Amino acid sequence: MTLFIETLIGGLLAGTMYSLVAIGFVLIFKASGVFNYSQGALLLFSALTLVTFLELGLAFWLAVIVTIVVMIALSIAIERVVLRPLANRNVMTLFMATLGLSFVIEGAAQGLMGSEVRLLDIGLQDNPLFWGDILISEFDLIVAGGATVLVIALALFFSKTRIGISLRAVADDTASAQSIGININRIWQIVWAVAAVVGMVSGMVWGARQGVAFALSLVVLKALPVLIIGGFTSIMGAIVGGLLIGAGEALAETYIGPLVGGGISPWFAYLVALIFLFIRPVGLFGEYKVERV
Amino acid sequence: MSVTPSSALRPAVDSNPLATGSSPLAIGLLLIALILVPFVSSEYVTQVIVMPVLILGLAGLGLNLLTGYTGQISLGAGGFMAVGAYATYALAVHGGIQFFPLAIVLAGVITAAVGWVFGLPSVRIKGFYVMVTSLAAQFFFEWLFLKFPWFYNFGDVPTISLPPMSLFGFDVDGSYVVRYYFTLSLVVVLTWMASNLISSHVGRNWMAIRDMDTAAGVIGIDSKKYKSLAFAISAFYLGIAGALWGFIFLGTTSIGSFQIDRSFQILFIIIIGGMSSIRGNYIGAAFIFLLPLVIDHAAKTFVGDMVSPGFLSNLQKFLFGVLIIVFLIKEPDGIDKLLRQLTARLWRRTPTKKDNERGAQSEPNR
Amino acid sequence: MGKHLLSLGAAAAIATSAFLSTSVVPTAPAQAESMTQYVPLFVYRTGPYASSGSLWFAGERDYFTFINEVEGGVNGVKFDIEEFETEYNPDRAVEAYERAKGGKDGSPTAFIMTHSTPATYALMDRAREDKIPLFDPAGGPSESKNGLVFPYVFPLLLTFYGQGSVAVNFIAEEMGGFENLKDKKIVTVYHDSGYGRASQPVMAELAKKYGFIDVQIPVAHPGSEQAAIWRQVRAEKPDYVVLRTWGVMTPVALKTAKRFGIDTSKMLGDVWAGSKADMIPAGDAAIGYKAIAPYPGGTDFGVHAKVKEHVLDTGKTNLANPDEDFGAVYYNIGLVNAALAVEGMRVAMKKFGNRPLTGEEMLWGLEHMTIDADRLEELGMTGLLQQLKVTPYDHEGGGAARIQEWNGNGWTLVSDWIEVDDSVVDPLIEAKAAAYAAEQGIVPRTVE
């Protein structure tokens with residue numbers, strides 16, 4: 001029983017790290033219908049930028065601010081150069097464009113800032129904490145706390161600020177939003193920038209855990225099943241989906257893994273997602289659309 | 001955002017199959033050119049340029065039947081190619097089949113059955129969700145073929161390499177010329193079959209499902225049946241392409257050859273070449289396969305000495321991404337469409353009525 | 001119809017121009033005229049494993065630069081190095097191989113450095129046909145130690161089987177003798193791939209011999225999240241943990257192990273889980289961790305002084321951060337690999353003359369290469385490289401490694417050369433090689 005509870009808690013905490021990555025996807029998909037494969041590359045790029053500025057001797061808070069500025073500039077550039085010319089193209093084209101974009105960003109990040117692994121110290125220790133017999137990671141606990149703060153901040157941003165409200169208007173009905181004078185290009189830039197900042201936070205967390213190098217960009221593959229379970233358009237869904245996948249993966253690796261030879265985590269998440277597809281194809285928090293002939 | 005994937009996927013290229021085929025004379029000339037390749041060019045060009053392009057084009061064709069013609073997005077192409085390769089190996093090693101062409105066709109049938117199973121969820125779901133089903137398949141196969149030693153004959157290492165097998169009296173591992181002609185003839189036959197299929201009622205029903213899934217049901221098309229069929233036939237092509245890739249092109253292969261990057265590559269091929277176009281697959285394959293080689297060559301020639309090798313490698317990756325994006329922006333309907341327009345311009349004529357219809361059809365997507 | 005013809009023509013034109021631009025690369029090997037030796041390097045300076053690879057390739061290139069600039073080449077034959085980016089993808093290695101095998105500018109290709117076990121597997125058959133030795137020290141198929149079945153594969157220094165044997169020998173030493181291994185539990189956490197599994201047969205065999213319990217736990221690529229794995233490891237209560245990880249998997253393993261209270265000083269990595277690039281991201285969690293090193297890290301070896309003076313200080317180094325990475329394990333791997341190639345060429349040139357070599361000539365050179373203590377001293381590699389005697393029967397040539405320990409900033413050597421237990425390993429290799437020969441229909445060659 002202890003093993004079960006420990007695995008469950010560990011999995012849930014690890015799941016918040018998946019949620020963080022998935023939220024970046026949801027923000028962009030919700031606002032622009034773009035399935036942004038380059039989220040992983042953005043994550044890598046932001047973490048590399050942060051590390052590079054830290055190595056140049058900048059204070060941590062200053063390096064974070066500079067990185068945010070860089071990411072906002074990058075987002076604006078992406079909107080101008082890639083997305084605007086592709087506006088109103090079909091979803092596959094946009095998806096493929098973000099795949100191309102991920103090559104561009106990864107090439108640029110590694111070419112300019114080097115391909116060696118860097119240590120990113122965000123001041124968190126990965127010490128074991130014991131709660132009775134149950135082992136909990138201090139690192140995971142703090143990250144989960146940080147993720148909660150971030151999600152609350154995002155929720156406030158979307159519900160209280162002017163930009164946030166127009167953003168929701170665009171998400172609900174693009175044409176009407178445009179007709180009441182909302183600048184859709186600006187909105188896309190903002191959304192990409194917010195997603196990039198969320199990506200930076202995920203990049204910091206994952207980077208602190210595994211070092212900052214190319215493999216960071218592979219965490220996107222972890223986020224896809226989270227999206228299916230949660231739905232592509234719901235931040236709440238991304239959070240719950242992340243927790244479910246995190247816990248499910250940990251439990252499966254512990255209890256099912258030994259039976260089939262282990263190493264099942266890469267596809268287990270997809271299997272859970274597949275089952276969800278049969279039960280509720282639009283995800284936990286997705287909306288059904290009425291299709292008319 | 002109200003994008004309905006099924007309708008947004010509708011390609012701009014004419015869906016009339018006759019318009020996507022080329023004239024018999026043109027096809028004949030192309031065939032002669034392909035037959036002459038081993039005589040007029042080097043071993044390198046034959047077996048490392050033309051052969052892989054043909055195989056990847058065939059894989060593209062397989063995916064195009066599903067994605068371009070039936071409107072079901074799939075990121076599992078690599079996984080199904082793996083099924084084809086591993087099935088061929090299992091038939092040879094465990095099944096005792098010595099005749100390679102038989103093994104490869106049976107492997108295609110096995111892959112088709114697997115594809116049919118993985119297509120089942122698509123009956124209920126649409127758009128991105130189908131894509132995720134296919135991703136699930138992709139990762140499942142990557143795990144399966146690594147995990148169970150039976151698939152690689154209980155070796156220490158999960159790589160597979162065929163035992164000596166007969167290829168119409170020749171050895172599979174033998175001369176590249178034999179392997180090239182085997183690939184070419186298989187590709188030609190399968191392409192011809194696909195083009196017939198598309199102009200049959202099956203193809204028309206696929207396109208009806210793609211263009212308006214719900215409406216297709218209303219006018220009495222059994223969309224379940226035809227979607228499943230598309231998954232199976234697409235998998236058949238992908239399976240054969242996978243076996244060719246693994247054993248005819250590479251010789252020794254492993255699951256590493258069929259990972260998610262392969263799926264992306266095949267998807268790139270059909271988007272760059274042209275959705276719902278048969279020859280577009282081969283044009284796209286040539287483009288996607290040759291582009292990195294051309295970039296490599298150009299980069300080494302022009303900036304090779306000026307920058308560090310690490311930077312050069314990343315620069316190539318960067319340029320590949322840039323070219324993909326530029327291409328998507330400039331020519332969303334693929335090279336096939338571009339060639340059509342080019343030739344029309346060369347003939348200095350006004351577009352025919354048919355071309356206008358095509359233009360009109362493409363409007364909603366722009 | 002004409003329209004179609006023309007569009008086909010355009011397609012053909014695009015294709016032909018592409019052919020032309022690429023087909024100029026491989027040229028027929030015209031013998032002897034050229035006085036440079038063409039060496040293709042298959043590299044991955046981008047992609048998931050670039051962080052390890054970049055230092056490795058830098059070490060090789062720096063050594064080749066040293067030979068070219070200071071010694072005027074090998075007996076006057078200078079190196080012409082060309083890199084092919086593969087992103088650690090064996091399919092791309094096949095394409096690169098076909099481009100490189102014909103040589104360049106009149107120089108044949110004498111050998112190819114694959115830098116990747118999967119690539120070595122993918123190229124084995126082709127290399128046999130084309131008679132080009134594949135260079136994959138401390139990698140490749142273990143059974144390719146048998147040069148009669150695998151003439152053109154060189155898993156020099158230490159095969160994967162050998163790495164398993166060295167690991168067990170060292171653990172026994174730590175525990176105070178082989179008799180103490182009885183009923184102990186050794187858990188191997190491995191990269192779930194051919195590489196990660198490659199030492200399993202020898203571990204199973206040694207477990208039988210010494211009576212320890214061999215537990216194998218896989219980690220799926222890339223291994224960014226391993227909590228479930230290490231929870232399992234902890235549940236096993238291991239006496240020793242062996243890591244056969246690669247890339248980002250290693251630092252994550254160390255960090256997660258620490259979190260689960262596994263004693264880092266009872267963890268031993270194999271050759272590819274023991275570089276500075278793997279330790280840095282792990283921070284404090286890596287202190288006390290040990291790794292098998294057929295080529296240890298450090299800058300105190302004689303060759304380093306020479307390379308520093310003539311390559312680093314003259315600004316010709318291939319390293320991006322020479323201050324940090326000079327002497328790193330992977331960099332030293334590069335130095336050693338290049339030196340082995342150079343030594344093989346010297347041997348071959350004594351027989352065939354001082355000119356660029358073909359693959360077959362290089363094969364002869366490599367198979368008659370002996371590096372004894374005196375030669376090591378001349379090379380400045382005493383302590384960095386073991387004594388070596390390669391023969392057609394033995395493509396490993398060495399079969400020993402040292403153990404190094406990470407202290408937070410660098411590696412310190414904690415053992416002398418530990419030999420492989422050939423009495424266990426060789427029969428396994430012979431059986432594997434024989435099975436391979438039977439499956440592929442290969443008749444082992446006979447030598448003089």
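This briefing describes the fold of chain A and its contact with chain C. The structure is a predicted model. Chain A contains 12 helices and two strands, and 33 of its residues are in contact with 35 residues of chain C.

**Overall form of chain A**

- The order of elements along the sequence of chain A is α-α-α-α-β-β-α-α-α-α-α-α-α-α.
- The C-alpha trace of chain A spans about 60 × 55 × 35 Å along its principal axes.
- A compact globule of 293 residues would have a radius of gyration near 19 Å, and the 19 Å of chain A agrees with this.
- Buried residues make up 57% of the 293 residues of chain A.
- Among the contacts in chain A with a separation of 6 or more, 75% are between residues 24 or more positions apart.

**The strand pair**

- Strand β1 of chain A covers residues 128-131 and is joined to β2(A) by four bridges, the two strands running antiparallel.
- One of the paired positions is A:Phe130, whose bridge partner in β2(A) is A:Leu135.
- β1(A) and β2(A) form a hairpin with two residues between them.
- In the turn of this hairpin, A:Gly132 has a positive phi of about 70 degrees.

**Packing of α1(A) against α8(A)**

- Two packed helices are described by the angle between their axes and the distance between the axes.
- For α1(A) and α8(A), the angle is about 170 degrees and the axes are 9 Å apart.
- Angles over 145 degrees count as roughly antiparallel, and α1(A) and α8(A) are therefore roughly antiparallel to each other.
- The residues of α1(A) that take part include A:Leu20, A:Gly24, A:Leu27 and A:Ala31.

**The side of chain A that touches chain C**

- Contact between the two chains involves 33 residues of chain A and 35 residues of chain C.
- The elements of chain A that give two or more residues to this side are α1 (2-32), α4 (91-113), β2 (134-137), α8 (184-210), α10 (235-255) and α12 (265-279).
- Of these elements, α1(A) gives the most, with five residues.
- The side of chain A that touches chain C has 14 nonpolar, 13 polar and six charged residues.

Key:
Residues are numbered from 1 along each chain as its sequence is written. Chains are lettered from A and ligands numbered from 1 in the order in which they are written. This is a predicted model: local features need pLDDT of at least 70, side-chain atom pairs count only at pLDDT 80 or more; totals for chains, interfaces and linings use all residues. Two residues are in contact if their C-beta atoms, placed from the backbone, lie within 7 Å. Ala, Val, Leu, Ile, Met, Phe, Trp, Tyr, Cys and Pro count as nonpolar, Asp, Glu, Lys and Arg as charged, and the others, Gly among them, as polar. The radius of gyration is taken over C-alpha atoms; the globule rule is 2.2 Å times the number of residues to the power 0.38. A residue is buried if 20 or more other C-beta atoms lie within 10 Å of its own, exposed if 12 or fewer, and partly exposed in between; C-beta atoms are placed from the backbone. Two strands pair if DSSP finds at least two bridges between them. Axes are lines fitted to C-alpha atoms, for helices over the stretch in contact, and angles run from 0 to 180 degrees between N-to-C directions. Angles under 35 degrees count as roughly parallel, over 145 as roughly antiparallel, 65 to 115 as roughly perpendicular and the rest as oblique.
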